[in-house]
Amino acid sequence: MGKIQISICFVCSLILNLLLVSDRMYVGGKWELSWSRRAAEEGEAAAAVECSGHGRAYLDGLDVEGIPECECNSCFVGSDCSQISSDCVADVDSGDALFLEPFWMKNAASSAMLVAGWHRMSYVFKNESLISSVLENQIRKLHNTVGNAVTQGRFIVFGAGSIQLLNAAVHALSQEHASVPAKVVASVPFYPLYQLQTDLFRTVDFKFEGDTSLWKNSSDSSLNFIEIVTAPNNPDGQMNKAVLQGSHVEAIHDHVYYWPHFTAIPAPADGDIMLFSLSKFTGHAGTRFGWAVIKDEAVYQRMSTYVELNTLGISRDAQLRAFKLLKVVMERSGREIFEYGHSTMRNRWEKLSSALSVSERFSLQDIPPQYCNFFQTVRAASPAYGWLKCERKEDKECYRVLKKAGIIGRDGTLFGVGSSYVRLSLIKTQDDFDMLLHKIKKLVAKEDDMQARSTM
């Protein structure tokens, strides 16, 4: 009898302890939140601050008497972001994909995370790996569904965004022919960070050597090249292809923008090294998560070692958030986010193109419609950036011309081309785009006034 009583007491104690450490308590015939209640209430309180639709309040932002303060979008001020600044400029310099923010607000419940204070405190996962196997599987499933990259039989490495992986790839490929330093090249216009980062981490094994076309006709077989191929290209949205060929050439394919938001998907990419990131796919640039899909095992091993020695892997919290976001995306096989993303970007591109179509002073890049396997139809252009050119000789400093008109873009000289070009970001908030469109229309109207006066 005594043994039975001891057994009953042990079972009851075990059940009570399980209830106490679980995130919910069984009260009044139903499960209720316990330790997670406070965190959930704090998160919802921050999300409930409306900021007049022109800003956001964040849990880790400044607060007044415990209530998070609004962080206003560009051009808006005041405690609730309800006032527009009188001296506002259209700041369209950065590549923050905040146009996807409304999608995530619509999917607030399914994308929210509440993480215990003891979540994955170790350096490694249970299998001693630095990579979440469930996240890796989700990434493979994602690419197979979207049809934008071949992953079967390939290796995957995680990085702190595609930027860390870019240098990991340069390092890994430069070891292929270590006796001769590799020349790192990219076709102009190219993303400035390619040069800035390669110069920063330059070693005896590699050096940035500028525009690919300068080396196209080189017959020196002793030279080794690493060509960065960007498709779609940043800044002009073109689907670049490798220029250099031969056994002495290796390629890194930057496909950060190769998603149905920004371009048609005619076929899965099949490069030796392909880079992707969360920043342009879901818009979560601050999470700092990217991945590389790699053919060669030796290159994979060298890139893995680079990331391990550089940062000891990627934050477990970042991997968890990426997994959560990808689960939301895959709920409808990606249709919802890509339909929203493409519709938004196409609409912005059409409005900007229309505003500039009557101008003889400014022009935009041409991107023809193309068949998309994901949408199973011919789809119109929806690039991330407008690559604007000042056509007049007197406007050769195009960045200054636009700045004078209240538009802050990114100077074309940073992309390795002439000063007659400026990149305009179309992927920021709706407020940012609306202000850009307003300033562009005003600038074009001024052009019309000047022409009218000249004919009087």
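Analyst: Let us begin with the word pocket: on a 1 Å grid over the protein atoms alone, a pocket is an open set of points where a 1.4 Å probe fits, with protein on both sides within 12 Å along at least five of seven lines, and its lining residues have an atom within 4 Å of a point. Grid points are joined across faces, edges and corners, and a volume is the space filled by probe spheres set on the points. The second largest pocket here has a volume of about 460 Å³, and among its 27 lining residues A231, M239, K241, Y258 and P266 lie nearest the centre. Please keep in mind that this is a predicted model, in which local features need pLDDT of at least 70 and side-chain atom pairs count only at pLDDT 80 or more, while totals for chains, interfaces and linings use all residues. Residues are numbered from 1 along each chain as its sequence is written, and side-chain values use heavy atoms, with hydrogens and water left out.

User: How much space lies in the largest pocket, and which element gives the most to its lining?

Analyst: The largest pocket holds about 1,700 Å³ of space, and of the 38 residues that line it, A47, Y58, S111, A112 and R321 are the closest to its centre. Helices (H or I, at least four residues) and strands (E, at least two) are DSSP runs, numbered from the N terminus, and α2 contributes the most to this lining, with 7 residues.

User: What is a salt bridge, and how many does a search of the whole structure find?

Analyst: Side chains of opposite charge can pair when their charged atoms come close. The term is used for a side-chain nitrogen of Lys or Arg within 4 Å of a carboxyl oxygen of Asp or Glu, and a search of the whole structure finds 11 of them. One of these joins R38 to E42, with their closest N and O atoms 3.4 Å apart, and both residues lie in helix α2, 4 residues apart, or about one turn of the helix.

User: Which residue does R154 meet in a salt bridge, and is R154 buried or exposed?

Analyst: The side chain of R154 meets that of D270 at 2.4 Å, N to O, and this pair links distant parts of the chain, 116 residues apart. Buried means under 20% relative accessible area, exposed over 50%, and partly exposed in between (1.4 Å probe, protein chains only). R154 is buried at 13%, whereas D270 is partly exposed at 43%.
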